Amino acid sequence: MSRILRYLTHPQVQIDPSVPVPEWGLSEVGHARAALFASLPILRSTRVIVSSAETKAIETAKAVSDVINVPVRIRERTHENDRSATGFLEPEEFERVADRFFEAPEESVRGWERAVDAQARISQEAARIIKDNPEGDLLMVGHGGVGTLLYCQLAALEISRQHDQPAGGGNVFSYDLNSKTIGHSWRSIEQVSLAAS
């Protein structure tokens, strides 16, 4: 029987430039999408839920936790790539900087954490979570940047934004822990829901 690691990115957030980005919570749409994901029967074999310490990730993980009755474990080092050097950026500027982050993974773009360092961090955390939890499916709840870096590492792909999650967040990929292969690449919560029905 296969054992699955799923990585879920938080869905839409309530953007507030006056609040530090790690403290943003989910929007109404984000909460609704998290609830949809939580309702999926494929999660019934999940034995561990791990979330980053960022509010939006915790709220997403809690939506699942409340349904399947598995507590959320916070892992501080699963946070998004550190972008505190710039703080909030308007969407167009953010996309330009994010493009460069993936294009030049060994550079600190505008003071951001380097992609190679963020990838090493999230990969080490995932490895520890897998090692410490040898039974059942695992769910990591986090962010698009580090999620994409983890996907590239697990799929043995070069760091590239072409492997980034679709816009909007609320996407998931799966990894078969027995065969050590990608089960499926990024799919939206809605696509996973349709496939599971």
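Which residue in S4 is the bridge partner of valine 48? It is leucine 138. Keep in mind that this is a predicted model.

That pair belongs to strands S2, residues 46-51, and S4, residues 137-142, which run parallel and share five bridges. Now the whole sheet. It is open, with six strands ordered S3-S2-S4-S1-S5-S6 and mixed pairing. S3 (72-74) and S6 (181-188) each have a single partner strand, so one side of each lacks a neighbour in the sheet. On average, neighbouring strands are turned by 20° against each other, direction ignored.

Next, a helix. H2, residues 55-68, lies across S1, S2, S3 and S4. Its angle to S2 is about 160°.

On to charges. The whole structure has 16 salt bridges. Take arginine 6 and aspartate 137, at 3.4 Å, N to O. Arginine 6 sits in S1 and aspartate 137 in S4, 131 residues apart. Are these two buried or exposed? Arginine 6 has a relative accessible area of 11%, so it counts as buried. Aspartate 137 has 8%, so it is buried too.

Another pair is glutamate 80 with arginine 83, at 3.6 Å. Glutamate 80 is buried at 9%, while arginine 83 is partly exposed at 21%.

Last pair: arginine 161 and glutamate 95, closest N and O atoms 2.7 Å apart. Arginine 161 is in the loop between H5 and S5, glutamate 95 is in H3, and 66 residues separate them. Arginine 161 is partly exposed at 22%, and glutamate 95 is partly exposed at 36%.

How values were computed:
Residues numbered from 1 in each chain as written. Predicted model: local features only at pLDDT ≥ 70, side-chain atom pairs only at ≥ 80, totals over all residues. Heavy atoms only, no water. Pairing = 2+ DSSP bridges. Helix = DSSP H or I, 4+ residues; strand = E, 2+ residues; numbered from the N terminus. Axes fitted to C-alpha atoms, helices over the stretch in contact; angles between N-to-C directions. Contact = heavy atoms within 4.5 Å. Salt bridge = Lys/Arg side-chain N within 4 Å of Asp/Glu carboxyl O. Buried < 20%, exposed > 50% of the residue type's maximum accessible area, 1.4 Å probe, protein only.
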